[in-house]
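Welcome! Here are a few exercises to work through with the model open beside you. Try each task before reading its solution.

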Amino acid sequence: FANGNIYIAGADKALNCITTKGTFLWRRNTLAFPTPLLSTSSGGVVYLVNKENNIEAYSSQGVPIWTYKCLETPFFPVYIANDGYLIVTFKNKITCLTRQGKLKWELSLPESPIKEPLEVANKDLILILKDDSFLRISMFGKIQEQLSLKKVINSIRYAPEGYVIAFDDSS
């Protein structure tokens, strides 16, 4: 959902756009069958991961912009950072693409992620890992902080000077 439009990728190898009132706007064939991993930027660019591990980018009018080939299926939909960079999270790595679909950086992860990345103050990314630790990663692909906690992380949210962590025990 973006700019009052709803984007739907279906088993018919097509990306459809309709308004919130149900008016059909456009339909575009995708390169391969889509996965449920679909995201949109604030400007209406649609990022679709297909079953051949490609990320397909479409303009808000449905015009294909670019395709990026991944070696494996991402874990989560493409995360669009506030500055427009695209964050793609995999089982053992995280990558950053430019708006034009070019690789900016790639970082190996010590453990698999369990939640989508989150941008916090200073444009850093937070990534919660399977072992209940988390990473704070700069927008240049450098690990700024890696913490292992004795409690299970429920969520991490943006705060004006950093981030706030909530745990399963409500602390």
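A nonpolar core is a set of buried Ala, Val, Leu, Ile, Met, Phe, Trp, Tyr and Cys residues joined through side-chain atoms within 4.5 Å; buried means under 20% relative accessible area, exposed over 50%, and partly exposed in between (1.4 Å probe, protein chains only). Please note that this is a predicted model, where local features need pLDDT of at least 70, side-chain atom pairs count only at pLDDT 80 or more, and totals for chains, interfaces and linings use all residues. Residues are numbered from 1 along each chain as its sequence is written, and side-chain values use heavy atoms, with hydrogens and water left out.

**Exercise 1. Find which residues of the largest nonpolar core touch the most other members.**

Step one: the core has 14 residues, and I87, I94, W105, L125 and I137 have the most contacts with other members.

Step two: look at the strands, which are DSSP runs of E, at least two residues long, numbered from the N terminus (helices are runs of H or I, at least four). Strand 10 (93–97), strand 11 (103–108), strand 13 (125–128) and strand 14 (133–137) each give at least two residues to this core.

Step three: pick I137 and skip its neighbours within four places in sequence; its contacts (heavy atoms within 4.5 Å) then include W105, L107 and K142.

Step four: apart from this core lies another, of 13 residues, with V49, V78, L86 and V88 among them.

**Exercise 2. Work out how the rings of Y7 and W26 are arranged.**

Step one: rings of Phe, Tyr and Trp (its six-membered ring) pair if their centres lie within 6.5 Å; planes under 30 degrees apart count as stacked, over 60 as edge-to-face and the rest as tilted. This rule gives 3 aromatic pairs.

Step two: the centres of Y7 and W26 are 5.9 Å apart and the planes meet at 45°, so the pair is tilted.

Step three: Y7 belongs to strand 1 (residues 5–10) and W26 to strand 3 (residues 24–29), 19 residues apart. Both Y7 and W26 are buried.

**Exercise 3. Count the helices and strands of the chain.**

The chain has 0 helices and 17 strands.
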